[in-house]
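Q: I'm new to this one and would like to go through it piece by piece. Could you take my questions as they come?

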Amino acid sequence: MLEWTGKIMHDLLENFVSRINIAYFSMEIAIRPEMQTYSGGLGILAGDTVRSCADLEIPVIFVTLISRAGYFRQEIDAEKGQIEHPDWWDPTVLCAPLDAMVALRIEQRPVWIRPWLYIHTSPHGHKTPVLLLDSDLDQNDPADRELTHYLYGDGEAYRLKQELILGLGGIRLLQALGFYLHTYHLNEGHAAFLTLDLLNRYRFPPEDVRPGEPIYDVAEVRERCVFTTHTPVEAGHDRFSYDLFEKLVPDLVDVGELKRVAGADSLNMTQLALSLAGYTNGVARRHAETTRLMFPGFRVHAITNGVHVGLWAHPAFARLFCSYWPHWIHEPEILVRALQLSDQEVSECHRAAKAGFSDMVRALTGVSLDPNIATLGFARRMTGYKRPLLLFSDVERLTAIASKQPIQIVLAGKAHPKDEEGKQAIRRLLQLTQELHGRVTCAFLPNYDMRIAQAMISGVDVWVNTPQPPMEASGTSGMKAALNGVINLSVLDGWWVEACVEGVTGWAIGGEDDAGSADRHAGLLYEKLERVVLPLFYAERSQWCAMMKQSIGNIAYYFNSQRMMRRYASEAYLR
Ligand SMILES: *Cc1c(COP(=O)(O)O)cnc(C)c1O
């Protein structure tokens with residue numbers, strides 16, 4: 001890409017400008033493993049959205065921050081737990097700087113923003129552009145040069161400035177580049193400031209506005225905005241003080257009007273997005289219901305998340321699927337025919353995935369896994385509501401179960417640097433791995449990221465998830481597991497409420513609408529492991545194989561990002 005000359009770049013951009021009419025904004029996008037522009041599920045979803053838009057030729061341009069220092073690289077120390085390092089990556093290798101800049105006025109000085117262009121190309125050659133916004137420019141004050149370095153960096157002012165850059169910087173750059181867009185898709189509330197620029201574009205003529213009446217034509221803005229919310233709890237929403245907002249951007253909008261749409265006491269980014277988007281989506285049915293209760297009066301749709309099957313199928317499974325159904329990536333619905341696959345084919349693919357994963361575990365931790373032992377995987381953001389310690393609530397019971405029917409457990413996950421509870425959980429998990437030595441083989445893999453996720457969701461036998469309902473908005477790692485014939489054992493929350501058919505596609509821990517305590521859910525988890533999961537694994541191989549195929553045929557055929565994006569295109573973009 002470095003070879004791009006001015007002429008090639010000009011033609012490429014011209015082509016994008018002429019056919020693209022939708023912009024998708026996300027604070028993080030997992031574009032590819034070498035680019036540290038994501039932290040977890042939200043970014044993975046955005047990345048899978050890029051891949052599906054390219055496959056389906058949906059005319060979308062993506063906007064995110066360059067995040068040169070990434071989220072963080074996690075080092076694991078047996079005593080200290082998680083140690084965080086900046087995770088620098090070099091944009092010049094895969095992206096090209098565009099010859100365009102805009103300035104925002106923040107704290108009375110201009111902050112210049114320049115985009116880098118990354119182009120994702122589908123297997124059929126369709127190109128989908130991603131703009132990565134960068135404030136690290138000579139023109140800027142030294143402090144402002146760091147604003148796009150650290151994904152979810154520390155401090156309210158830093159976050160507010162980042163969100164101003166994403167929303168306002170992004171929409172103004174698109175305008176400067178000549179894009180004419182009819183839809184702006186806000187992936188989570190972080191990008192909601194773009195609506196403020198739209199409010200200014202759609203002001204009523206001053207002579208028509210009588211005192212006390214609205215000055216902005218909100219209906220025009222709503223027509224252009226689509227919002228996907230990912231946060232099922234009040235405390236999870238980004239909020240800023242109006243004092244800070246007015247200090248940073250005093251002249252941006254009429255704050256009295258802003259309070260009407262974003263909350264009277266503090267600037268709530270979710271409420272701003274809900275008020276100004278004409279189409280709001282929750283990421284699973286259960287999550288849409290929770291959002292309606294949290295924000296009464298808003299219509300919330302439910303297009304359930306999906307994963308990109310081309311990225312998340314292990315190469316062995318991808319080859320197998322391709323041999324049966326050459327068009328399976330474009331139309332993963334065809335996986336509904338997974339019962340056509342033979343037990344032997346599915347087992348061989350799984351064995352290859354498990355062997356590759358074992359190599360990774362050994363290389364990263366020195367722990368050797370036994371390919372014949374039932375292997376449980378648990379990897380996700382380490383934070384309170386995901387209850388990473390639940391599986392270990394009763395170590396005696398766990399070891400008693402494993403003494404008759406052996407288990408191995410592989411763990412991974414980062415905790416946000418400010419999340420003390422999450423970091424404490426990592427330290428405890430590391431202690432447990434040592435305590436259990438000789439009884440249950442456990443390994444904690446450092447620096448959970450896309451690459452580790454790929455190996456892990458395909459290389460274990462059972463994928464465990466134990467969130468506190470209703471806190472798991474959707475969850476997507478279980479979808480990736482199912483695609484690879486790895487069977488889900490999970491609390492009924494988020495997407496699993498829709499996907500679980502007990503004993504057919506996987507197993508539930510607890511019932512629906514069951515906000516169970518950790519102890520109760522742990523008891524149910526142990527019981528199911530001991531009486532159902534492990535006996536099937538060790539004594540009923542053909543039944544196990546049948547469930548692997550049912551995971552593929554009854555889950556992966558539906559919970560994929562091609563289905564998700566066809567629905568967004570027809571229901572949200574074409575309103
Ligand atoms: C898929 C994925 C996630 C999201 O998993 P959840 O089940 O939603 O927690 C997070 N991080 C990485 C690296 C992933 O690949």
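Q: Is lysine 423 buried or exposed?
A: Lysine 423 counts as buried, because its relative accessibility comes to 12%, and buried here stands for anything under 20%. Please keep in mind throughout that this is a predicted model.

Q: And what does lysine 423 form a salt bridge with?
A: The partner of lysine 423 is glutamate 84, and the closest N and O atoms of the two are 2.9 Å apart.

Q: How many salt bridges does a search of the whole structure find?
A: The search finds 29 salt bridges. One of the arrangements they make is a network that links Arg68, Asp134, Asp136, Asp138 and Arg145.

Q: Which residue does glutamate 163 meet in a salt bridge?
A: The side chain of glutamate 163 meets that of arginine 159, with a distance of 3.8 Å from N to O. The two residues are 4 residues apart in helix H3 (residues 156–176), and therefore about one helical turn separates them. Glutamate 163 is buried, with a relative accessibility of 0%, and arginine 159 also counts as buried, at 18%.

Q: Then there's aspartate 359, which residue is in a salt bridge with that?
A: Aspartate 359 pairs with arginine 362, and their closest N and O atoms are 3.5 Å apart. Both belong to helix H12 (residues 343–365), where they are 3 residues apart and so separated by about one helical turn. Aspartate 359 counts as partly exposed at 45% relative accessibility, and arginine 362 counts as partly exposed at 38%.

Q: Changing topic: how many disulfides turn up in the whole structure?
A: The search of the whole structure gives 0 disulfides. For background, a disulfide is a covalent bond that joins the sulfur atoms of two cysteines.

Q: Helices next. At what angle do the axes of H7 and H8 cross?
A: The axes of helix H7 (residues 255–262) and helix H8 (residues 269–276) cross at roughly 90 degrees and come within 7 Å. H7 and H8 are therefore roughly perpendicular to each other.

Q: Which residues make that contact?
A: On the H7 side they are Leu258, Val261 and Ala262, and on the H8 side Gln271, Leu272, Ser275 and Leu276.

Q: Now the backbone: which peptide bond is cis?
A: The peptide bond from proline 469 to proline 470 is cis, and its omega is near 0 degrees. Proline 470 lies in the loop between strand S18 (462–465) and helix H16 (477–483).

Q: And what is the phi of glutamine 108?
A: Glutamine 108 has a positive phi of about 65 degrees, although it is not a glycine. Glutamine 108 is located in the loop between strand S6 (102–106) and strand S7 (109–121), and with a relative accessible area of 58% it is exposed.

Q: Where does asparagine 447 lie?
A: Asparagine 447 is in the loop between strand S17 (441–445) and helix H15 (450–459). Its phi is positive too, at about 60 degrees, and asparagine 447 is not a glycine either. Asparagine 447 is buried, with a relative accessible area of 15%.

Q: Last one: what is histidine 301 in contact with?
A: Leaving aside neighbours within four places in sequence, histidine 301 is in contact with Tyr279, Thr280, Asn281, Gly282 and Ala288. Histidine 301 is placed in strand S14 (residues 301–302) and counts as buried, with 19% relative accessibility.

Terms used
Residues numbered from 1 in each chain as written. Predicted model: local features only at pLDDT ≥ 70, side-chain atom pairs only at ≥ 80, totals over all residues. Heavy atoms only, no water. Axes fitted to C-alpha atoms, helices over the stretch in contact; angles between N-to-C directions. Parallel < 35°, antiparallel > 145°, perpendicular 65-115°, else oblique. Contact = heavy atoms within 4.5 Å. Disulfide = S-S within 2.5 Å. Buried < 20%, exposed > 50% of the residue type's maximum accessible area, 1.4 Å probe, protein only. Salt bridge = Lys/Arg side-chain N within 4 Å of Asp/Glu carboxyl O.
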